[in-house]
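Here is a short briefing on one protein model. Please keep the sequence and the 3D view open while reading.

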Amino acid sequence: MNILILNDDGIAADGIRTLARHLAQRHAVTVAAPMHQQSGTSHALTIGRAIEVRADENFDEEYEICAWAIDGTPTDCGKLYLDAIAKEMPDVVLSGINHGSNLGTDVIYSGTVGAAFEGFFHGIPSFALSLIESSEISYAEVAVYFEPFMDNVLATMDQPFLLNINFPKRLAGDAPQFVFARQGERDYVNAFERIEENGRIHYKVAGEVSDTDKGVGTDIYAVEHGLISVTPLGVDMTDYPLLEEFGRLGKR
């Protein structure tokens with residue numbers, strides 16, 4: 001199977017290298033990742049400047065992994081590779097393994113999820129993989145747990161999809177348990193730190209997590225209870241109840 005792996009932590013990140021090396025033992029793996037850290041870039045595209053692309057011949061010395069370092073966003077990496085570099089489309093697109101979770105409404109800001117969306121936009125089954133910070137689970141274990149799940153899903157589904165997967169701090173029980181869950185709601189309290197330096201005012205993104213919806217059935221609930229959350233994501237952002245309400249107003 002031909003696998004394309006993207007991320008937002010950058011091509012030097014441990015998560016993407018561990019995932020690529022594990023899967024390259026049984027699959028043909030290509031990596032297209034940002035040259036630098038790109039967390040929080042969502043689905044941003046670079047417009048108005050040329051994007052440098054450089055073959056990373058030192059990405060791996062043991063397995064035959066074709067790696068491209070791209071001076072752009074995670075979405076740039078996916079779109080540029082699929083539209084301009086690839087000689088044939090991959091069978092599956094993976095994004096990660098991200099350092100830190102992408103739960104609830106974090107998916108709106110996530111570069112990891114944004115990159116995976118590019119695979120989905122191209123009609124390719126896609127997965128976004130994230131590991132909560134300070135987890136007792138290693139990247140190597142995530143790769144081992146994920147591969148058979150990926151194989152089972154690909155064998156079952158006959159249409160493109162995007163699954164956002166989050167691994168917990170520790171597993172509930174001895175074996176990994178993948179559970180399908182809806183997206184919860186997550187916000188941040190005191191999201192910016194004010195800094196004054198040399199008479200100038202700066203703000204730095206900070207804040208503490210405030211989950212406004214982490215009830216049973218949400219991705220946040222699953223991860224907090226030692227489960228691996230799997231959330232199908234889609235492109236259509238239409239608020240259908242509100243659309244219907246405006247439709248009724250228009251008929252009055």
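Ser39 is found in the loop between strand 2 and strand 3. This is a predicted model. Ser39 is partly exposed, with a relative accessible area of 42%. Leaving out residues up to four places away in sequence, Ser39 touches Asp8 and Asp9.

**Annotated site**

- An unreviewed UniProt entry lists Asp8, Asp9, Ser39 and Asn98 under "binding site".
- These residues span 91 residues in sequence, yet no two of their C-alpha atoms are more than 9.2 Å apart, so they gather at one spot.
- Asp8, Asp9, Ser39 and Asn98 are included in the lining of the largest pocket.
- Asp8 sits in the loop between strand 1 and helix 1 (14-23).
- Is Asp8 buried or exposed? Its relative accessibility is 3%, so Asp8 counts as buried, the cut-off being under 20%.
- Beyond its neighbours within four places in sequence, Asp8 contacts residues including Pro34, His36, Gln37, Gln38, Ser39 and Gly40.
- Pro74, Asn98, Gly111 and Thr112 are also among the contacts of Asp8.

**Largest pocket**

- The volume of the largest pocket is about 820 Å³.
- Its lining has 26 residues, and the closest to the pocket centre are Ser101, Asp106, Tyr109, Tyr188 and Val205.
- Which elements give two or more residues to this lining? They are strand 5 and strand 9 (185-189).
- Strand 9 gives the most, with 3 residues.

- An open sheet is built from 9 strands, in the order 3-4-2-1-5-6-7-13-8, with mixed pairing.
- Why is one side of strand 3 (53-55) and of strand 8 (178-180) left without a neighbour in the sheet? Both strands stand at the edges, and each has a single partner strand.
- On average, neighbouring strands of the sheet are turned by 20 degrees against each other, direction ignored.
- Strand 8 pairs with strand 13 (residues 228-232) in the parallel sense, over 3 bridges.
- Opposite Phe180 stands Val230 in strand 13.

**Helices across the sheet**

- Helix 2 (residues 74-85) lies across strand 1 (2-6), strand 2 (28-34), strand 3 and strand 4 (66-70).
- Helix 2 runs at about 130 degrees to strand 2.
- Helix 3 (residues 111-121) lies across strand 1, strand 5 (92-99), strand 6 (126-131) and strand 7 (162-167).
- Helix 3 runs at about 165 degrees to strand 6.
- How many of the 11 residues of helix 3 are buried? The count is 10, and the helix is mostly covered.
- Among the buried residues of helix 3 are Gly111, Thr112, Val113, Phe117, Glu118 and Phe120.
- Gly114, Ala115, Ala116 and Gly119 of helix 3 are buried too.
- The buried residues of helix 3 pack against strand 1, helix 2, strand 5, strand 6 and strand 7.

**Domain record**

- For "domain: Survival protein SurE-like phosphatase/nucleotidase", the unreviewed UniProt entry lists residues 3-188.
- The end C-alpha atoms of residues 3-188 lie 35 Å apart.
- This span is 27% helix and 25% strand.

How values were computed:
Residues numbered from 1 in each chain as written. Predicted model: local features only at pLDDT ≥ 70, side-chain atom pairs only at ≥ 80, totals over all residues. Heavy atoms only, no water. Pairing = 2+ DSSP bridges. Helix = DSSP H or I, 4+ residues; strand = E, 2+ residues; numbered from the N terminus. Axes fitted to C-alpha atoms, helices over the stretch in contact; angles between N-to-C directions. Contact = heavy atoms within 4.5 Å. UniProt positions renumbered as here; feature names shortened; annotations may be inferred. 1 Å grid on protein atoms, 1.4 Å probe; cavity = no way out; pocket = protein on both sides within 12 Å on 5 of 7 lines; lining within 4 Å. Buried < 20%, exposed > 50% of the residue type's maximum accessible area, 1.4 Å probe, protein only. Points joined across faces, edges and corners; volume = space filled by probe spheres on them.
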